[in-house]
Amino acid sequence: MRKNKLFTITIICLGLVTACTDQDNDNLKGNKSAIEDTGNSEIEEKADAAYADSFVEVIDVADSDSTELEDKSDTAGTSSTKAEDNAISNEESSEEDSNNTNKYAHEAFQTLLGGDFNLLDLTTIDEVFADDITENGWGGNYEYIFMDLDGDEIDELLIQMVDDPGDFNAVFHYDNGQIICWFCDTLEYICYDYPLQNGTMVTEYDYGGGISYHVFNYLPTGDTKDVKYFYIKEEPYTDYDDPLDFPIYQIDNEDVTKEEFEKELNKYVLDEQMDRTDWTILD
């Protein structure tokens, strides 16, 4: 009976110990969970704070970059405006210089037309003609016109015999206070140069029943650049000409039809010819 009581008491004690142990374990788990929850909350709060700070920094950096880009854009815009202003200023300055030079050129040419040959470089002109004009002047047999032949916005002076460039024609250029003769023809009556309205020149050569038109431009150096070459000969001129070879229509030494030839000749030469009233006769 006593043993049974002791056994019973032992069981009860063990139960109490187990219950206490379980309670302690539950308390420990609860405390641990509470600690973990508290830790997690603190970590989350810190993470949220760090994220917020980072977001603010990103915004600040973005704003800073945006401001810097705007500043650079404004600087670039200012630079672009300055460049445009400088370009306009340079163009205006260049135009003003060109206008002034053209004015000086006209003044120099007028002295030449008035019989003063001090500005003329006589080494650039035909010797016979130089002697004639320096001794006798121009007389009333010449006419002149101012035209820009080389595209530099400064006129050249063209002089020819009145309505007869085959007898004489010349081109004078102004260069730093001096007059230079680019071309002078006093001998070739069947070959002569004349200007067109668009500033190009033509050398026309009439010989052997044929006519050639050499269209060219003057360069600022006084050299020339070919534009077009025309040749026409419609019938035999001598007994040595084979009638089967005619008519001849050529553009740049290539055979073309009559229709093609006339169309291009009109475009490059005939439609651009000067009017007689464009010339001024020297008194």
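Guide: Start with a term: buried means under 20% relative accessible area, exposed over 50%, partly exposed in between (1.4 Å probe, protein chains only). This is a predicted model: local features need pLDDT of at least 70, side-chain atom pairs count only at pLDDT 80 or more, and totals for chains, interfaces and linings use all residues. Residues are numbered from 1 along each chain as its sequence is written, and side-chain values use heavy atoms, without hydrogens and water.

Visitor: Why is strand β5 largely enclosed by the rest of the structure?

Guide: Strands (E, at least two residues) and helices (H or I, at least four) are DSSP runs, numbered from the N terminus. Five of the five residues of β5 (191-195) are buried, so the strand is largely enclosed.

Visitor: Which residues of β5 lie on each side?

Guide: In a regular strand, side chains alternate between the two faces of the sheet. Here Cys 191, Asp 193 and Pro 195 are on one side, with Tyr 192 and Tyr 194 on the other.

Visitor: What does β5 pair with?

Guide: Two strands pair if DSSP finds at least two bridges between them. Strand β6 (residues 201-207) runs antiparallel to β5, joined by five bridges. Asp 193 has Thr 203 as its bridge partner in β6. The two strands form a hairpin with five residues between them. Gly 199, in the turn, has a positive phi of about 95 degrees.

Visitor: In what order do the strands of the open sheet run?

Guide: The order is β4-β3-β2-β1-β11, with antiparallel pairing. The edge strands β4 (178-185) and β11 (280-281) each pair on one side only. Strands β1 (residues 142-147) and β2 (residues 156-161) share six bridges. Tyr 142 has Met 161 as its bridge partner in β2.

Visitor: Is Glu 262 buried or partly exposed?

Guide: Glu 262 is partly exposed, at 40% relative accessible area. Its place is in helix α3 (residues 258-268).
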